[in-house]
Amino acid sequence: MTRRLLIRATGTARPGQLAGLGKALAASGARLLDINQSVTFGILSLEALVGLAHESDLEGALATAGDALGLDIQAIQVSAEDYQRWSAAASQPRLILTLLAPHLPAGILAEVGALTAEHGLTVELIHRLSGREPLDGGVPEHGACVECWLRGEEVDLESLREKALALGAMHGVDIAIQEDSIWRRHRRLVCFDMDSTLIQAEVIDELARRHGVYDEVAAVTERAMRGELDFQQSFRERMEKLKGLDESVLAEIARELPLMDGLERLMKHLKRLGYRTAILSGGFTYFARHLQETLGFDEVHANELLIEDGKVTGEVREPIIDADRKAVLLQEIASREGLVMEQTIAVGDGANDLKMLAAAGLGIAFRAKPLVRAQARQSISTLGLDAVLYLIGYRQGDLEEPPR
């Protein structure tokens, strides 16, 4: 009968320890069933599950190896029941919980631990995706991010996300929860809303200010927010207010567009990593194309202002890009590129983005109002747009170019 042992080794990490431990196991005729090793702050932690088909003094061999390697090594007997339980747990679905914030308060670990336990989840692994904290105690350059791997059966994912959203709001931390799959690290298309997502402005408001009709446009927006007008109705009414605006104003506003925090870094890495990027905006092509030229978006889909004799006519070319159109465009681009929807990412801030966010494999509400954050599956409010890279699963160290 096969005897199973869990080998646990800890100590200061140094070269040759795995080789020495492997020789001791091999000499005893052990069969390797599973293994995990990590080094944190120079301390090695290794666990190996082994099977022994015949009697041998494995414990004695490990004690000798431990003395030579500078490791404390324990051998723990594993019952058949424990082995079956571990095997069953390994086949359970995995969830990825990501914590993001300028700083991560220590108390959030206790809260997250209690929340996951409440939902019957075991924390399988915790690792840091962001860089190290600066020695002077300042804010890390790209924020702090920790990723937790969770396992459990029959998790009420909507309830878990709802409680995580409330918990994060209490602590000033974004808590994202994703189902793990083969697609999580193989997303290939990222589609963005523009106004208040890629840029820190609502362009139609800026146009209205320059044309002296801001209050009138804001009143139409307020009616739409109250549900008195749908997007297309409110959009047409606001456009009418811009009739006669001089075309030169568009160029002035385009030059002054304030980019969202982290946008340039995000685009640099997405392009380097081979992602296709698109702007799907209820705003205007004039400004989306300006971003395309400066930042390298692959394609743009927005509303085209009609201009005659150097003046805005107050109309746009059909079809108007609304919530339904954004979702359709996302699906059309994915199909054209030969991608499944699980490989798509959508990022937006408004109710007009919710259908697009729901259609995407990874939908992210960015610095959105509470209603949008509550309906979107993921949200980022505490960091810049480049925090999207953390939700895809990239470590900061993976993205930094080595010194030459």
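First, the ground rules. The model is predicted: local features need pLDDT of at least 70, side-chain atom pairs count only at pLDDT 80 or more, and totals for chains, interfaces and linings use all residues. Residues are numbered from 1 along each chain as its sequence is written, and side-chain values use heavy atoms, leaving out hydrogens and water.

Now the layout. The chain has three parts: domain 1 (3–87), domain 2 (93–180) and domain 3 (189–201 + 259–400). Those bounds come from an automatic or database domain assignment. The centres of domain 1 and domain 3, over C-alpha atoms, are 49 Å apart.

What about overall dimensions? The C-alpha trace spans about 90 × 50 × 40 Å along its principal axes.

Next, burial. Of the 404 residues, 46% are buried. Buried means under 20% relative accessible area, exposed over 50%, and partly exposed in between, with a 1.4 Å probe and protein chains only.

On to the backbone. Which peptide bond is cis? The one from glutamate 318 to proline 319, with omega near -5°. Proline 319 sits in the loop between β13 (311–316) and α12 (323–336). Helices here are DSSP runs of H or I, at least four residues, and strands are runs of E, at least two, numbered from the N terminus.

Two residues other than glycine have positive phi. Serine 196 has phi near 65°; its loop runs between β9 (189–192) and α6 (203–211). Aspartate 309 has phi near 55°, in the loop between β12 (305–308) and β13. Aspartate 309 counts as exposed, because its relative accessibility is 80%.
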